[in-house]
Amino acid sequence: MKDMAYIRLATVEDAEALLDIYRPYISMTWLTTEAEVPKLEAFRDRIAGVLEKYPFVVAQVGDDLCGYAYAHRYRARPAYDWSAELSIYLDEDWSGYGLGKLLYGTVIQLLDYQHVQTVYGMIVRDNEPSAGLHLGMGFSPIATYSKVAYKRGAWLDLMLFEKDIGDHPIPPPPFLPLHKVKPEALQETLTVATKKFINELERKSARRMT
């Protein structure tokens, strides 16, 4: 298994498998405010749109995709070039493997290469696993939006988390789209993440054998 495990950039060919991971979050939970499952072609376009500028990374074991995380613009105006919002979704069978922290951390490292200074995560309040992930990675809760969204018969409160990943120089270096990040830096980040993933798989396997 360890020879078939990867942390890598997503491609549009991953769309169907990634949509399968995302679908239950939409149709069965309040953990995303998206109310309707997007069409496959629209989801392909979504992946392609992210990858034009931002990281979109997946965890893979064999032929199975286990989870994904990506970044996108925090707000549209050019003044927000140095901020990004993160999202993450995991297959329920792959909880407990440290993938949340690993995928989030990989995206954040790539954003650092892109000169992003601050990252944000927006979650539904009372989503304790997601709150724990953010707090454990050094995010701070900075705002609560009360009853800001309605889904599945309930009004939802959302919480905004913030983390500085740069030192906010004046002026800041220009934002770099992902394709302008040095290939060796990109590859090194994915290689390190893959090694961490493999180590966790081996550790879990060893525990099951004892």
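Predicted model: local features only at pLDDT ≥ 70, side-chain atom pairs only at ≥ 80, totals over all residues.
Biologist: Let's start with Val 148 in strand β6 (residues 140-151). Why is Val 148 called partly exposed?

Modeller: Its relative accessible area is 46%. Buried means under 20% and exposed means over 50%, so a value of 46% makes Val 148 partly exposed.

Biologist: And what makes Val 148 part of a surface patch?

Modeller: Val 148 forms a nonpolar patch with Met 122 and Tyr 145, and together they have about 240 Å² of accessible area. A patch residue needs over 30% relative accessible area, and Val 148 has 46%.

Biologist: Now to helix α4 (residues 128-136). Which of its residues are buried?

Modeller: Ser 130, Ala 131, Leu 133 and His 134 are the buried ones.

Biologist: How do you know that they are on the same side of α4?

Modeller: They cover an arc of only 160° around the axis, so they lie on the same side of the helix. In general, an α-helix has 3.6 residues a turn, so residues three or four places apart point the same way. On the other side of α4, Glu 128, Pro 129 and Gly 136 are exposed.

Biologist: What do the buried residues of α4 pack against?

Modeller: They pack against β4 (83-90), α3 (99-113), β5 (118-124) and β7 (154-164).

Biologist: Which element gives the largest share of the largest nonpolar core?

Modeller: That core has 57 residues, and α3 supplies the largest share, 8 residues. Leu 18 is among the residues with the most contacts inside the core. Leaving aside neighbours within four places in sequence, Leu 18 is in contact with residues including Phe 43, Ile 47 and Tyr 68.

Conventions
Residues numbered from 1 in each chain as written. Heavy atoms only, no water. Patch = residues over 30% accessible without salt bridge, like charges linked within 9 Å, V, L, I, M, F, W, Y side chains within 5 Å. Areas by Shrake-Rupley, 256 points an atom, 1.4 Å probe, with all protein chains shown as cover. Salt bridge = Lys/Arg side-chain N within 4 Å of Asp/Glu carboxyl O. Helix = DSSP H or I, 4+ residues; strand = E, 2+ residues; numbered from the N terminus. Buried < 20%, exposed > 50% of the residue type's maximum accessible area, 1.4 Å probe, protein only. Arc of directions from axis to C-beta. Contact = heavy atoms within 4.5 Å. Core = buried A, V, L, I, M, F, W, Y, C linked by side-chain atoms within 4.5 Å.
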